[in-house]
Amino acid sequence: QWGKLFMLAAYPLPNSVTEEEMYMFNSFGDPELNVWSAVPRTLSVSHPPTVLIGSFPFSVTVNADDAPVAGALVCVMSRADSTIYHVVHTDASGQVQLTLNTTLPGDSIIVTVTGRNLHPYIGAAITIAPNSAYVTYLRCTVSDSAGGNNDGIINPGEAIKLPTWVKNWGSLPASSVTARLRSADPNITVTDSIKSFGTVAAGDSAFTGANGFGFTVAGACTNNYTIRLELVVRDANDSTWTSGITLWVGTAALGYASLDVDDCPPGGNGDGKVDPGETAQLYVTLRNTGLGHGYNVNAVLRSGDARFTVPDS
C-alpha cells in the first residue's frame with residue numbers, strides 16, 4: 001500500500017502509466033498472491049480429533065484423489081496458546097509428524113492445509129485432560145416439518161426443531177449428561193432449551209431424538225443470515241463444556257441470468273435479435289443464488305421505453 005501511495009504522490013494522476021499501474025496492483029493484489037493454474041483439488045485431511053494435555057504426538061495426513069499430496073503446507077496452531085504454532089510441508093507420503101505440548105483443556109487446535117492448486121482445508125481438534133470426560137456438540141439436523149414448509153431449510157419466520165448429537169471426546173464416561181441451548185441473538189428465540197442424554201460412554205455419542213431443541217426465527221432475517229447458538233453441557237460432577245453451533249437462514253435470491261429472442265417469421269426475420277418493427281418472444285432465465293428454494297415464482301416484464309411495448313408481461 002505504501003509503495004502505491006508513494007508512486008501516486010510522485011506522479012499524480014492523470015498519468016496513464018501510473019493509472020494503469022494503480023489499477024493493475026489493485027486488481028491483482030500483492031505479488032505473493034497465489035495464482036490458480038488449474039481447478040483446485042479437494043483435499044481429504046485426517047488428524048486426531050482430540051489432543052491430550054501434555055506432550056502429544058500429532059500427525060496430519062493429506063490426500064487428494066485417493067493419492068498422497070506431497071509439499072502441502074500444514075499449519076497447526078492453538079487458538080488460545082501462542083506458544084503452539086507449527087508450519088511444515090508434507091513429505092512424499094502426504095504426512096507431517098508433530099509433537100504438541102498443550103496446557104489448557106478445552107483449547108481448539110486449528111489445522112490448516114494449503115498448497116498450489118489445492119482447495120484450502122480448515123479443521124480443528126480439542127485439547128482434553130487425561131482420565132476425564134469431555135462432552136461437546138457433534139452435529140445436528142434441521143426439522144421444519146411442524147413449524148415451517150418442511151424443506152429442511154431454516155426460513156424467516158419458521159419454528160425449528162434441532163435434533164442434536166453430542167460426543168464424549170474424553171477417556172472416561174460422563175453420567176447424567178444434560179445440555180442447554182441458548183442464543184444472544186435477538187432474532188432467535190429458544191423455545192425448547194434443555195435435553196437429557198443420560199450416560200455417554202468414552203468415545204461415544206448421544207442423540208436428543210427427533211424432538212430436539214427448539215427455536216424460532218424472526219421474519220426479518222434475510223438470506224445467509226448467520227445464526228449463532230451455544231450449547232452448554234453438564235454432567236453429574238458439574239463439569240461444564242461449552243461449544244458453538246452455527247446455522248444459516250436460507251431464502252430465495254432470484255436474479256436475471258440470460259435471455260433468448262425468438263423473432264422467427266411472421267413476427268421477425270429470425271436473426272435472434274429484436275429489430276425495429278418486429279414482434280418477438282423473449283425467453284428469460286432466472287438464477288437462484290440463495291440458500292433457500294423459490295416457491296410459486298412469478299415475474300413481470302416492464303418497459304420504460306415507449307418504443308418497446310410488452311403485450312404479454
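# Salt bridges, pockets and backbone angles in a predicted model

The side chains of Glu230 and Arg182 meet in a salt bridge, 2.7 Å from N to O. A salt bridge here is a side-chain nitrogen of Lys or Arg within 4 Å of a carboxyl oxygen of Asp or Glu. This pair links distant parts of the chain, with Glu230 in strand S19 (residues 226-234) and Arg182 in strand S14, 48 residues apart.

This is a predicted model, so local features need pLDDT of at least 70, side-chain atom pairs count only at pLDDT 80 or more, and totals for chains, interfaces and linings use all residues. Residues are numbered from 1 along each chain as its sequence is written, and side-chain values use heavy atoms, with hydrogens and water left out.

**Salt bridges**

- Side chains of opposite charge can pair when their charged atoms come close.
- The structure holds five salt bridges.
- Asp192 forms one of them with Lys161, and their closest N and O atoms are 3.0 Å apart.
- Asp192 lies in strand S15 and Lys161 in strand S12 (residues 159-162), so this pair ties together parts that are 31 residues apart in sequence.
- Strands (E, at least two residues) are DSSP runs, numbered from the N terminus.
- Asp238 and Arg234 also meet through their side chains in a salt bridge, at 3.9 Å from N to O.
- Salt bridges that share partners join Lys161, Asp192 and Lys195 into one network.

**How exposed are the partners?**

- Buried means under 20% relative accessible area, exposed means over 50%, and partly exposed lies in between (1.4 Å probe, protein chains only).
- Asp238 is exposed, at 56%, whereas Arg234 counts as partly exposed, at 37%.

**A buried charge without a salt bridge**

- Asp185 sits in the loop between strand S14 (174-182) and strand S15 (188-192).
- Asp185 is buried yet has no salt bridge.
- Which side chain of opposite charge is nearest to Asp185? That is Arg228, 7.2 Å away.
- Lys and Arg count as positive and Asp and Glu as negative, while His and the chain ends are not counted.
- The side chain of Asp185 does reach the backbone nitrogen of Asn187, at 2.8 Å.

**Pockets**

- Rolling a probe the size of a water molecule over the atoms shows where empty space is left.
- A pocket is an open set of points, on a 1 Å grid over the protein atoms alone, where a 1.4 Å probe fits, with protein on both sides within 12 Å along at least five of seven lines; lining residues have an atom within 4 Å of a point.
- The largest pocket has a volume of about 710 Å³.
- Its lining has 21 residues, and the closest to its centre are Ala280, Leu282, Phe308, Thr309 and Pro311.
- That lining divides into twelve nonpolar, five polar and four charged residues.
- Ala, Val, Leu, Ile, Met, Phe, Trp, Tyr, Cys and Pro count as nonpolar, Asp, Glu, Lys and Arg as charged, and the others, Gly among them, as polar.
- The second largest pocket has a volume of about 320 Å³.
- A volume is the space filled by probe spheres set on the grid points, which are joined across faces, edges and corners.
- The second largest pocket is lined by 15 residues, and Ser108, Ala124, Ala125, Ile126 and Thr136 lie nearest its centre.
- Strand S9 (121-128), strand S10 (135-140) and strand S20 (240-248) each give two or more residues to that lining.
- Seven residues of this second lining are nonpolar, six polar and two charged.

**Backbone angles**

- Most residues other than glycine have a negative phi, and most peptide bonds are trans.
- Asn150 has a positive phi of about 65 degrees although it is not a glycine.
- Asn150 is in the loop between strand S11 (143-147) and S12, and it counts as exposed at 53% relative accessibility.
- Ser176 has a positive phi as well, near 50 degrees, and lies in strand S14.
- The peptide bond from Pro265 to Pro266 is cis, with omega near 10 degrees.
- Pro266 is found in the loop between strand S21 (254-262) and strand S22 (281-288).

Definitions and conventions:
Helix = DSSP H or I, 4+ residues; strand = E, 2+ residues; numbered from the N terminus. Polar contact = N/O pair within 3.5 Å; in protein donor to acceptor, adjacent residues only side chain to side chain.
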